[in-house]
Amino acid sequence: MEGSGEEFMKYRSPLVSRYASKEMAFNFSDMKKFTTWRRLWLYLAKAEKELGLPITDAQVSEMESHLEDIDFIMAADEERKLRHDVMAHVHTFAHCCPTAAPIIHLGTKYCNAKNNTDLIMLRDGFDILLPKLARVIDRLANFAEKYAGLPTLGFTHYQPAQLTTVGKRACLWLQDLVMDMRNLQRAREDLRFRGVKGTTGTQASFLQLFQGDHEKVEELDRKVTEMAGFKKSYLVTGQTYSRKVDIDSLCVLASLAATVHKVATNISCLIRTFSFSDLKEIEEPFEKEQIGSSAMPYKRNPMRAERCCSLARHLMALVSDPLQTAAVQWLERTLDDSANRRISLPESFLTADIILSTLQNITEGLVVYPKVIERHIRHELPFMATENIIMAMVKAGGNRQDCHEKIRVLSQQAAAVVKQEGGDNDLLARVQADPYFAPIIGQLDSILDPKTFIGRAPQQVTRFLSEEVRPVLEPYKSKMDVKIELEL
């Protein structure tokens, strides 16, 4: 095919080819992984040298100068021969570091490279996600603040209920996102380094290298841990770090996905056609030349919100992988975790990255239509105001039970017009036309003012944003200015 490249002749994950950010795609790339292996071998050599092993400055310098010039073709050839990815890269690194070759990977097991690299990728993945989540919260907080006092129909069971405000509804989404922020922060801070623990986690090989000196073995672990940017290492491991760590990391991402799915679904509900009319109270961003439907040119489908929902379902499903992997690990380790983790860990972070970028794009461009919202309120408010009308009549000297019966009859007549004839709600006109309600006719406008039906929603928004939302954003203030333009 003219103009086709080799990459189009085989399956490509759309998580990378279509959606993910460059920084998250790089975080789980071969280049990041294998250069990290080399850095870990360098850290080990440096620490072993500092603790007295016969490693020279020349060997360390040689390793430092070849951290990134990886011969991927040679590494692939070596792996085909050896059937061992770590040893293939040990040989490839040794090929360009002949002086350092004898001390590369000294005293350690391949899990020193692989597991520690996984932990670094998880940590760095969280560091990419947290500012993105902070920006989503910031944009939505600004939206909530702007519309804190704008009355809108509340919905329970997707049926019109007591009024709330547009901003208060956004705070319900924000509350979940703030919980996700705390969960991600905790998961990130709880991560430790596996460190240098050896074949089954006993550090036996290092104890032999240092001739039984336990303090030097512990110091070696501490030094390498610090070089890798971690405060602590796990004190006990098998051949790998506990796979419960993967559960912890992916569970918080799955929980985030549940939140994003809920928010995006709510936005879609407010865009879509509702039972009594076109709801269309808000809209997600829609570009000038964007096509909503190939068959129906007038449509403006919530493409971004639906993408969030679609990918969020994938992310929620991925958490079952680490749960089952951790459950079936035998004794110090079995290898049935490896292939699964190559897929589940990167895909979870890539998918979380995508849904946050997409949700940020949505929240930066949400459009509210107050006149549409006002029309919907006018349609439903007369029914909701019946109790207020009754109370006003009693204050004017009427009998509560007589008034209740009058309102009941008029309400059912108005409901019949709406349901059976497809007409508008004319309850207010019926009340105004009935001489019984003459004492309060002059009060009806104030009785039916939507702002009298929203309770403390504006005050709740103000306090919630001040006490629970803005404080969690403080660590990310310097990263708030990044805007998201969705690209294919």
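The accessible surface of this chain comes to about 24,500 Å², and carbon and sulfur atoms hold 53% of that area. Keep in mind that you're looking at a predicted model. Buried residues account for 51% of the 488 residues in the chain. As for secondary structure, there are 20 helices and four strands. The radius of gyration is 31 Å, well over the 23 Å that the globule rule gives for 488 residues, so the chain is more spread out than a compact globule.

**Overall layout**

- Laid along its principal axes, the C-alpha trace spans about 105 × 60 × 40 Å.
- Take the contacts between residues at least 6 apart in sequence: 77% of them join residues at least 24 apart.

- Strand S1 covers residues 151–156 and strand S2 covers residues 159–165; the two pair in the antiparallel sense, with five bridges between them.
- S1 and S2 make a hairpin with two residues between them.
- Histidine 157 sits in that turn, and its phi is positive, at about 60°.
- For background, most residues other than glycine have a negative phi.

- Arginine 83 isn't a glycine, yet its phi is positive, near 55°.
- You'll find arginine 83 in the loop between helix H5 (72–82) and helix H6 (85–96).
- With 72% relative accessibility, arginine 83 counts as exposed, because the cut-off for that label is over 50%.
- Glutamine 203 also has a positive phi without being a glycine, this time about 65°.
- The loop that holds glutamine 203 runs between helix H8 (166–190) and helix H9 (204–209).
- Is glutamine 203 buried or exposed? Glutamine 203 is buried, at a relative accessible area of 16%, since buried means under 20%.

**Two prolines to find**

- Proline 54 belongs to the loop between helix H3 (30–50) and helix H4 (57–64).
- Its relative accessible area is 75%, so proline 54 is exposed.
- Pick out aspartate 124 as well: it is 70 residues from proline 54 along the chain, and their C-alpha atoms are separated by 33 Å.
- Proline 370, on the other hand, has its place in a helix, namely H15 (residues 370–384).
- How accessible is proline 370? Its relative accessibility is 40%, so proline 370 counts as partly exposed, a label for values between the 20% and 50% cut-offs.
- From proline 370 to glycine 423 is 53 residues along the chain, and the C-alpha atoms of the pair are separated by 22 Å.

Technical notes. Residues numbered from 1 in each chain as written. Predicted model: local features only at pLDDT ≥ 70, side-chain atom pairs only at ≥ 80, totals over all residues. Heavy atoms only, no water. Pairing = 2+ DSSP bridges. Rg over C-alpha atoms; globule rule 2.2 N^0.38 Å. Buried < 20%, exposed > 50% of the residue type's maximum accessible area, 1.4 Å probe, protein only. Contact = heavy atoms within 4.5 Å. Areas by Shrake-Rupley, 256 points an atom, 1.4 Å probe, with all protein chains shown as cover.
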